[in-house]
Amino acid sequence: MIVDALLLQLGYNATLVALGATLLGISAGVTGTFLFLRKRALVSDAISHATLPGVCLAFIIMVGMGGDGRNLIGLLAGSAVSASVGLLCLSWLTRHTRLAEDAAIGVILSVFFGLGIVLLTVIQTMSSGRQAGLEGFLLGSTAGMLWADAMVVAVGGAVVLALILLLRRPMTLVAFDPEYAAARGLPVDRIDLAMMGLVMAVTVVGLKIVGLILIVALLIIPPVTARFWTERSDRVVLLAGLIGGFSGYVGAGLSASAPNLPTGPIIVLVGFTCFVISLLLAPNRGVLAAVLGHLRFQRRVHLRQGLLALAQSQPIYENLTLRLLRRADLVRADGVATETGRARAAKALRDEKRWEVVRADQAHEAAAALYDGLRDIETVLTRDQIVDIDARIGGPQGVGA
Amino acid sequence: MSGAEFVPLSLTPLLIGIFAAVACALPGNFLVLRRQALIGDAISHVVLPGIVVAFLATGVIAAGPMMLGAGGAAVVAVILIEAIRRLGRIEPGAAMGVVFTSMFAVGVLLLEQSDTSSVHLDVEHALFGNLESLIWLDATGWASLLDPDALRGVPVELPRIAVTLVGVILFTVIFWRPLKLSTFDEGFARTLGVRTNVLGMALVIVAAISAVAAFDAVGSIIVIAMFICPPAAARLMTNRLEHQIGWSVVFAVASAVLGYVLAGYGPLWLGARDAVSAAGMIATVSGIILAITAVAGPCRTRSGAPVQD
């Protein structure tokens, strides 16, 4: 069943939904990356909630003009208008009052959503009786998706991606260093507004599939996930698009494969699964990598301290240190150093003395800054420098009679 | 309007609305100043999975397990956000976005999977609340306020939110000095021996408790609105924390009363027949109050910012 779903064998509607969700996931992931790098991820929350009054007003107006009220393009146009109003209020509040951005986001989100709910209850009591399932816009409803709806998603997603291709350089610059961008003469305010406009476009396009509450997840989760795997912004954008598309495709497939699996939440949870896997397994930034790195560091510290203790003929009681020394064949089972053990220990002690000289000497200031108790001195100083230091330490001398 | 009509139909919802608004606005003041305003938003989203899990575990719609489930979900969410922020080195906003949307998705999925269609538990109810339905049928007039028999029929949400409000007020009063200190200068508070991280966690938990109690009665949208709008509006009125809290309570009460009245009677004045959602209207009114203070509040600009003509 799931295989059928993933191979688009479950009929016309399921195929449409899967393609639409994939396109939506790609454009949301790519757009969300810039928002995330700009550290304004939750602005998308305000934008998405601000679409609700527009949807309701559009419905009321369309019914008032004698129409059906369920025309998707009309509803989406309404949502775009109210989301832009919300966006402008948000940027006005942060620029002209002392409110921080998070408070402004909360204000816009709650007030617009509250107004939307008031309008929803108005619609419910309207005599027309055609309550066109506007609640579907809260959580998305893909059941009755039409060819025209899929086309709206496809065209919208393509336009967003094209605009991002055009604006990617200024948007990346503004996301990383707005002051520098302003100094270069870029209109930072307008680029920010364009970025938010793109987010709004994705939100509006995604209303039908995942609904206004969960579209936020599609904008935030893929970029956060992609960020674990790479340090380059262009790759984060690409990866976020891939992860978003993957979540959309697999999520839509899974939800079509069994009853009572709503599309929006499944897509979000597929994305969240990707996030958890990345959080745990990503190289460098992942939790597993951090744990392994810590263990490696611990072993090096213990080995080093053990060697220094051997060199100074101090007894070693610490279990981990003994085990590490034994495993490296540096001490015998009874705790006495082997031949290699004695050589390594002498080397360690000599290096420690060399470091001592280096750190006491102003001329080696740059090298001394690299001292952390573990670094091999050969990786910091040239052979000539070490010979010079050794000359200062001097060789072994007999005790005068 | 006579007491015979007002007391049974409007007194209890009005009181519940006011109490919920104030209980959220009080911790909201500190959250807004600490730039944690969106914690309220996150908590009110994750309450849904908590309630659904509680329902699936017990099989009944009862207030006790649901409050426990919601509170548990709020605590889990706060811990998850903190864990993801630290483990993944992700900025707090994005960590919050990942956690609350995913938990909300789990809630919706569980709701669809389980057979809750027979009982009154749905997403819309969770979002909008149902303030209008909390009526006091046993009351016959103002005299019922002194009648023990009638008082037994008061909706259970009223005493619950009242107790929560008292708890929130006590917390604010008892920890007033450390709260104020750590909100404005966390480093200084720490040098004085205030355990700022414990206090910060306690503040979030108090916020979660009031959010859950208010959510039970009035739905999540009022909770978000009342956490942020009255304190934010109050912030634009004054530079002193004491005055800000006073203003925020005034604004919260004004939003609750005006919103309730406008939702119930506004449409009738306009010639329509049916009332609109009180929760939505209260949020809208609080937004209008904020808009007025943002345009005309005496302390609306950042201190030191150039005066704009």
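**The interface between chains A and B**

In this predicted model, chain A and chain B bury about 4,900 Å² between them. Carbon and sulfur atoms account for 74% of that area. On the chain A side, three residues stand out: A:Leu42, A:Arg98 and A:Asp102. Together they supply 15% of the area that chain A buries against chain B, more than any other three residues. The contact draws 58 residues from chain A and 58 residues from chain B.

Polar pairing across the interface was examined next. Between chain A and chain B, 10 residue pairs are in polar contact, with both residues at pLDDT 80 or more. The count of salt bridges between chain A and chain B is 0. Over all chains, by contrast, a search of the whole structure finds 22 salt bridges.

The side of chain A that touches chain B is built from several helices. Those giving two or more residues are H3 (43–49), H5 (72–96), H6 (101–124), H7 (136–139), H10 (188–227) and H12 (263–281) of chain A. H6(A) gives the most, with 16 residues. By class, this side of chain A has 39 nonpolar residues, 11 polar residues and 8 charged residues.

Chain A is assigned two domains. Domain 1 spans residues 2–280 and domain 2 spans residues 288–393. The C-alpha centres of these two domains of chain A lie 55 Å apart.

One salt bridge lies within chain A. A:Arg342 pairs with A:Glu339, and the closest N and O atoms are 3.1 Å apart. Both residues belong to helix H15 (residues 339–360) of chain A. Because A:Arg342 and A:Glu339 are 3 residues apart in that helix, about one helical turn separates them.

Confidence was then compared by chain and by element. Chain A has a mean pLDDT of 87, and 96% of its residues reach 70 or more. Among the elements of chain A, helix H1 (residues 2–6) has the lowest mean pLDDT, at 68. H12(A) has the highest, at 93. H12(A) is also one of the helices that give two or more residues to the side touching chain B. Chain B averages a pLDDT of 84, and 91% of its residues score at least 70. For the complex, the predictor gives an ipTM of 0.90 and a pTM of 0.86.

Definitions and conventions:
Residues are numbered from 1 along each chain as its sequence is written. Chains are lettered from A and ligands numbered from 1 in the order in which they are written. This is a predicted model: local features need pLDDT of at least 70, side-chain atom pairs count only at pLDDT 80 or more; totals for chains, interfaces and linings use all residues. Side-chain values use heavy atoms; hydrogens and water are left out. Contact means heavy atoms within 4.5 Å. Buried area is the accessible area (1.4 Å probe) that two parts lose on being put together, summed over both. A salt bridge is a side-chain nitrogen of Lys or Arg within 4 Å of a carboxyl oxygen of Asp or Glu. A polar contact is a pair of N or O atoms within 3.5 Å; within protein, one must be able to donate a hydrogen and the other to accept it, and residues adjacent in sequence count only if both atoms are side-chain atoms. Helices (H or I, at least four residues) and strands (E, at least two) are DSSP runs, numbered from the N terminus. Ala, Val, Leu, Ile, Met, Phe, Trp, Tyr, Cys and Pro count as nonpolar, Asp, Glu, Lys and Arg as charged, and the others, Gly among them, as polar. pLDDT is the predictor's confidence in each residue, from 0 to 100. Domain bounds come from an automatic or database domain assignment.
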